Amino acid sequence: MAEHRYEPREIEQRWQNVWAQEHTWEVANEGTDQDRAELTGHAALEQNSYVLEMLPYPSGEPHIGHLKTYSVGDAIAHFHRRLGRRVLHPMGYDSFGLPAENHAIKTGVHPRVSIAESIDSFRRQFHSWGISIDWSREFATSEPSYYRWTQWIFLELFRAGLAYRKEAAVKWCPNDQTVLANEQVDAEGRCERCGCLVEVRQLEQWFLRITDYAERLLNDLDGIDWPQHVKTMQRNWIGRSEGAEVIFRSEEVGIDYPVFTTRPDTLFGATFFVMAPEHPDVLRLARGTPQEQAVHDYVNHALTETNEERGNAERPKTGVPLGRTVVNPVNGEQLPMFVADYVLMEYGTGAIMAVPAHDERDHAFAKAYGLPIRQVIAPRPATDGEPAQLPADAEELPYTGDGVIVNSHPDFDGMDNRRALGEIVAWLDREGKGHASVNYRLRDWLVSRQRYWGCPIPIVYCERCGVAPVPEEELPVRLPDIEDYTPKGRSPLAAAEEWVNTTCPTCGGPARRETDTMDTFVDSSWYFLRYCDPHDEQAAWDPAALREWMPVDQYIGGVEHAILHLMYARFFTKALADLGHLDFQEPFQALFTQGMVTKDGSKMSKSKGNVVSPAAIVERVGADTARCYILFVGPPDQDADWSDEGVEGVHRFLGRLWRLAAETADRAGGPAAGLTQPTASDGADLALLRKTHWAIDKVSGDLRRFAFNTAIAAVMELLNEASRLRDSASLQAMRFALGTAASLLFPFAPHVSADAYDRLTGERVWEQPWPEAEEALLERDVYELVCQVNGKVRDRVQASVDASPEALKELCRAAPNVRAHVDGRELVKEVVVPGKLVNLVVR
RNA sequence: GCCCCUGUAGCUCAAGUGGAUAGAGCGCCGUGCCUUCUAAGCCGGGGGUUGCUGGUUCGAGUCCAGCCGGGGGCACCA
């Protein structure tokens with residue numbers, strides 16, 4: 001018998017060639033393709049499935065995280081195909097963005113060039129991993145044929161009033177020399193890209209009106225199959241608060257100041273009023289009062305502070321009086337006004353009513369400035385029927401919990417505060433002094449970037465006509481080549497004079513182009529739509545193509561995009577649906593977020609020198625081992641630590657599987673047509689057959705719930721069983737077990753599985769339907785019944801699966817060792833779990 | 001501070017709605033087999049008070065409560 005050596009390099013190359021030459025993983029659009037007639041025969045039976053991994057940012061080479069993402073996605077894609085579905089599994093590149101531009105600044109190489117190199121490297125490696133991609137749909141978002149439609153979408157949003165320009169205090173990264181979206185600034189006020197402290201600047205910028213969609217973005221989370229924690233993160237980010245808007249009037253200046261509060265039940269406890277330093281009226285209010293200079297100084301100081309300094313809740317509260325008052329609408333009291341930096345301009349109305357007895361921040365401020373503190377909520381009575389507790393001691397304030405209204409107004413005193421809340425709002429509404437209101441933390445999406453390598457914003461500015469959209473037939477507005485990429489606080493595009501100077505589409509007069517580019521998250525907010533119809537030159541997509549594939553059935557990616565990309569893509573989908581371009585509301589029906597791959601417990605990074613390169617691993621042990629290992633190392637939704645020993649273990653497993661299959665095929669005299677199940681009634685064949693069906697059942701279930709690690713472990717168990725029984729089981733039983741093992745492993749290790757299956761059967765495993773477990777073989781007709789006495793195992797006996805509970809009790813009572821423990825004692829209870837055990841409880 | 005996840009063998013993970021003697025892989029051990037030797041391969045073996053304390057139950061890794069440890073999200077959001 002010939003020696004068999006597992007040679008992944010040879011095997012993987014061979015099967016990759018087959019797939020490439022035969023375009024195995026390409027799918028046509030039925031609605032638009034001439035293949036349609038051919039396909040209709042199956043169409044009724046087949047279901048379409050869109051499996052998508054988040055598109056990679058092509059920078060350098062793929063890293064181990066990419067290997068994990070695409071190993072997960074490919075397993076799903078293969079599984080769906082083998083279940084008989086037509087699967088769309090495309091690939092593209094998110095190729096605009098800062099890394100390529102920063103590289104250009106350093107080296108002078110045009111981003112287009114470095115991106116192309118990187119894309120080549122990604123494409124080569126994806127091929128070498130054997131990922132089943134429909135390469136006919138590939139594109140990069142920096143190609144004019146793509147960004148032309150990004151610009152078209154921008155103009156659609158502009159026409160609908162969802163893209164607008166406004167001056168606002170925005171986040172500015174001094175290192176990258178550009179503004180950022182709120183989502184791109186972390187909790188410490190640092191740029192998520194470069195980590196430097198973000199500054200605040202007052203600039204006129206383009207925004208997308210995502211806040212219009214806050215409520216729907218929140219509510220529609222209920223209808224999608226996403227991980228709970230991602231939904232929670234989006235809910236937190238949207239930050240919906242219910243409360244009321246209440247109007248406080250300043251009689252002195254004759255202006256109404258609305259405030260947002262979640263606690264209108266505490267209105268009677270308001271003792272002062274605070275405005276944010278950025279509030280446009282602050283300086284005006286102080287003008288002419290003795291406070292004018294102090295307010296001026298305070299505001300100037302506040303505006304120069306960083307987000308980090310401002311955001312620190314621990315530091316002492318500061319502020320200065322404005323020298324003015326407002327009227328509390330519920331009781332007519334005059335409340336002194338202050339400016340203080342603990343009030344944020346971006347949230348609510350930029351002004352608050354302060355209730356020091358029931359809000360920690362207001363309490364701290366009142367303590368610091370000696371302001372009155374009036375308690376209006378008392379903690380609940382200790383028991384029903386007793387009167388409310390006396391107001392808590394001053395030391396116990398602020399009290400932020402629920403309770404009973406006190407000290408407010410005869411209409412409300414003694415009332416449950418939650419009930420009073422509703423009644424007070426209703427009263428305000430009747431009086432025209434306020435109304436119920438909902439506030440969101442979410443702000444509009446700032447999409448302007450003062451950088452070169454991005455999608456140009458298709459807008460021109462005309463001295464006569466103002467802001468004018470570039471006409472659709474002039475799209476794309478192409479990104480011009482420039483000499484100097486260095487950012488200088490304005491877009492490098494501004495230096496391309498010839499490009500900037502243009503004519504107004506409306507009046508034909510001189511005009512200037514918008515020189516900012518779009519945030520790259522705009523590019524990735526619709527790419528999944530383009531895959532459905534990637535070569536369309538007449539439109540961003542053909543609606544028929546979208547009907548065929550969208551929404552994405554299974555989306556896969558890192559949890560780091562839980563808010564950014566995943567929220568923006570949902571917003572785009574809803575906005576485009578409202579504009580009549582889509583007929584669905586959510587882009588990603590199901591989401592799977594995979595965990596990070598770490599080395600020695602910490603994130604891989606070049607500076608730590610602990611980077612594991614997928615290319616090197618694949619070179620050494622093959623793609624199948626690399627892919628299998630990364631799925632086997634742990635539950636794929638959790639972080640996993642890379643271990644080279646673990647890789648070796650998986651490599652040996654694949655080798656054992658392949659060798660045993662090759663050897664079995666040899667013994668059987670070469671490949672036989674197909675995989676036939678042996679008939680076995682007892683002995684090794686039956687044991688192996690049962691294990692095989694157990695594995696089918698286990699792997700199928702595990703694949704449905706993304707438990708790839710346990711699915712692979714099940715195939716390992718099957719192989720171990722086959723290996724143990726290699727000399728006692730029949731050749732046919734061995735062929736069936738090993739062929740099934742290869743078939744089950746195919747989604748994770750496609751090359752070695754295809755090869756082993758081919759040797760055993762002469763057939764292509766990916767063309768075979770997914771195996772089905774036979775119920776009859778999963779269960780036995782007799783089993784070992786566990787006999788317990790007082791919950792302890794005392795004996796076990798053979799029982800028939802269809803024995804009645806009565807018969808099982810009888811069997812148990814008759815078991816010798818059970819009798820020894822039961823005789824002479826009183827039988828109190830009998831617990832029967834058919835198929836498992838009988839438990840006799842005695843005293 | 002608030003919310004969520006998590007704790008099982010040396011390591012990474014399993015144990016559908018509570019049910020048996022808690023299982024895999026890696027690592028470890030073997031004066032076990034095969035090899036001239038090593039490696040590879042094969043075979044065998046040890047290893048667990050399921051973080052702790054109580055509770056519910058005939059029965060708890062699984063359910064409940066409280067502590068302890070690890071991770072994540074949000075946070076001056078009115």
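**Sheet, helix and strand features of the predicted model**

Thr503 has Pro510, a residue of strand E22, as its bridge partner. The model is a predicted one, in which local features require pLDDT of at least 70 and side-chain atom pairs count only at pLDDT 80 or more, while totals for chains, interfaces and linings use all residues. Residues are numbered from 1 along each chain as its sequence is written, and side-chain values use heavy atoms, with hydrogens and water left out.

Strand E21 and strand E22 (residues 510-513) run antiparallel and are joined by three bridges, where strands are DSSP runs of E with at least two residues and helices are runs of H or I with at least four, numbered from the N terminus, and pairing requires at least two DSSP bridges. Both belong to an open sheet of four strands, ordered E20-E19-E22-E21 with antiparallel pairing. Because E20 (466-469) and E21 (501-503) stand at the edges with a single partner strand each, one side of each is left without a neighbour in the sheet.

At the start of H21, a side-chain oxygen of Ser643 comes to within 2.9 Å of the backbone nitrogen of Gly646, and the helix is followed by Gly669, whose phi is positive, near 80 degrees.

Thr178 lies in strand E6 (residues 178-180) and, at 2% relative accessibility, counts as buried (under 20% relative accessible area, with a 1.4 Å probe and protein chains only). The side chain of Thr178 reaches the backbone nitrogen of Gln450 at 3.0 Å.

Definitions and conventions: Chains are lettered from A and ligands numbered from 1 in the order in which they are written. A polar contact is a pair of N or O atoms within 3.5 Å; within protein, one must be able to donate a hydrogen and the other to accept it, and residues adjacent in sequence count only if both atoms are side-chain atoms. Buried means under 20% relative accessible area, exposed over 50%, partly exposed in between (1.4 Å probe, protein chains only).
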